[in-house]
Amino acid sequence: MLNQTLVRALLLSGLSLTTLAATQAQTKPATKTAAAPAAAKHTFALGDEHFLLDGKPFQMISGEIHYPRVPREAWRQRMRMAKAMGLNTIGTYVFWNAHEPEPGKYDFSGNHDVAAFVKMAQEEGLWVVLRPSPYVCAEWEFGGYPYWLQNVPGLKVRSQEPQYVAAYKRYLNAVAKQLTPLQVNHGGPVLMVQVENEYGSYGADKEYLAQNQKLFREAGFDGLLYTCDPAADVANGHLPGLLPAVNGLDKPDQVKKIVRDNHAGKGPYYIAEWYPAWFDWWGAPHHTVPAEKYAGRLDSVLAAGVSINMYMFHGGTTRGFMNGANYKGEGTRYEPQISSYDYDAPLDEAGNATPKFMAFRQAIEKHLPAGTKLPAVPAAKPTTRIPVVSLSQTTPLLSVLPKAVTSAKPQTFEDLHQPYGFVLYRTQVPGGRTGVLSLTELRDYAVVLVNGQRVAVLDRRKGEHQEATITLPAGTVTLDILVENLGRINFGAYLLQNRKGITEKVTFAGKELTGWQHFPLPFDDISKVPATKPGNAATGNGPVLRRGSFTLTTPADTYLDMSPWGKGSVWLNGHHLGRYWEAGPQQTIYAPAEWLKKGRNEVVVLELLKPEQDQLDGLEKPILNVLKPEGEARKPN
């Protein structure tokens, strides 16, 4: 048996087990003209107690970072912060709806270039754990599934249903072309690849899991595969022959027992999701957990030789309407998540070290081989406070509607082949009456307008998805219902109930309304939305688009103060920065330096509730206020 001190040194030696090219890349940028040296191939295997990297015990100290949640220009800075905390590995999901937004149309460019993200990790001397399962959860829209799956009659996600399997296989093969060459046994940094994701919390179909494994192998993932599930669900979600990783538990003895019970009495032991904090949803307080509560737990896990992946090391921001939601069924609240994915993580939303970062760094340092020194912690990035911006250019939303799609009954987002954003529903109604407007059923938020004036707001979170009493003026009335998709459910039994918009019918005073026009407003490219037209000055209280600009001499991180505003979204130089809502807890929007420019910068705000608001101020720090909880989301163990 190896001396325990030697075992500890070998376990952590992965901090230096990188190729020469990777080490050099940390200090000298790679040139485009010189041919890169051939990457060294490694072996990564399961020992009875430890992972074996090139035959030697290796302990993963990993942190989760999601490439779509961080500007591509900032990936390397985040990775260097990971190294400075003592991490030797990065974990990331791969997001189906980001990479196949429409059937057969793939996107691996820009912020979706997952292969570039993985290669960059290798350049920075980091290993990677890859999670390309079709379902990710991750507080991400529809748990990562593309919306269009719901348009295939009979398709059932997370099952052996043939249409689902065929779509999943096609997607996985496209992902494999990007990532299989980057597995550790091919010279890349990918140590392990996850099959499915917390499936034990959803079902227990071992044939389905075996089918997953078969698809991964056929696609070319020929290295080490594993499953991961919350501690209570490991037996359901584990596939015999694969390593069962444990989520949400950090008691080493219990982790080891669960793994042994499901893995022929052997290790190694891996906590695939360790939660040092939690995510936020609209109308609930910002979640924080003191660093001292978890630093000792990290210490005990590392001392026991257990590998760990902290979820999240760095959360970033969920932009482009890609946040998910929680819903547990009748009688519970629908809980859409906020745009900030700060997560109270060791690295904050802007990529700066927090007290939790420093506490975890100290815990990790205790377990490094003698003489090992971590890189110095980089100083916090500079911030700036932008001058007050006058958003004087105003465009009433109703003045820039696209071509209508007509039908007798209201159509869902899916019917209209629109994934995210808004749809305006319009019909004509005889006026001169007061009655109850009833929507069956609204998903998720609606602004109701009569002849262009707002008369009601319906909010699914509060159970206001059924009805509102409104008064119609005399004559023929134009009834508009602007519906926002606040995020498809990403966890639990309701993944198959994720259609958006008005999903059944609308009645007024007990009579069903027909003859609908639908105006798709995806806001996927703000440059396509016309600016103010002559004579289109804002009037009334309907939704508006407000535009303005400001000038910077030196771009730096900043925050936009949305606390005086009502509800909407913000774009900066064409980049969607996220949603804001007076419901809180998020009251600011992070504007990364990488998306600011020296000179003129343009801001566009879509405001639903306070069209008179025309001033936008900046701050150097975010505001995440504390509110009375309005409901409970899934909790960590």
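The structure is a predicted model, in which local features need pLDDT of at least 70 and side-chain atom pairs pLDDT 80 or more, while totals for chains, interfaces and linings use all residues. Residues are numbered from 1 along each chain as its sequence is written, and side-chain values use heavy atoms, without hydrogens and water.

## Arg 72 and Asp 113

Arg 72 takes part in a salt bridge with Asp 113 (side-chain nitrogen of Lys or Arg within 4 Å of a carboxyl oxygen of Asp or Glu), and the closest N and O atoms are 3.3 Å apart. The two residues are 41 residues apart and join distant parts of the chain. Arg 72 lies in the loop between strand E4 (61–65) and helix H3 (75–85), and Asp 113 lies in the loop between helix H4 (96–99) and helix H5 (114–123); helices (H or I, at least four residues) and strands (E, at least two) are DSSP runs numbered from the N terminus. Asp 113 counts as buried because its relative accessibility is 16%.

## Two further links

Arg 488 and Glu 141 form a salt bridge through their side chains, at 2.8 Å from N to O. This pair also links distant parts of the chain, 347 residues apart. Arg 488 is in the loop between strand E22 (476–484) and strand E23 (501–508), and Glu 141 is in the loop between strand E6 (127–131) and helix H6 (162–179). Both Arg 488 and Glu 141 are buried.

Asp 557 and Lys 381 meet in a salt bridge of 2.9 Å, N to O.

| Residue | Relative accessible area | Class |
|---|---|---|
| Asp 113 | 16% | buried |
| Asp 557 | 2% | buried |
| Lys 381 | 17% | buried |

## Network and count

Salt bridges also link Arg 76, Arg 80, Glu 123 and Glu 124 in a network. The count for the model is 29 salt bridges.

Technical notes
Buried means under 20% relative accessible area, exposed over 50%, partly exposed in between (1.4 Å probe, protein chains only).
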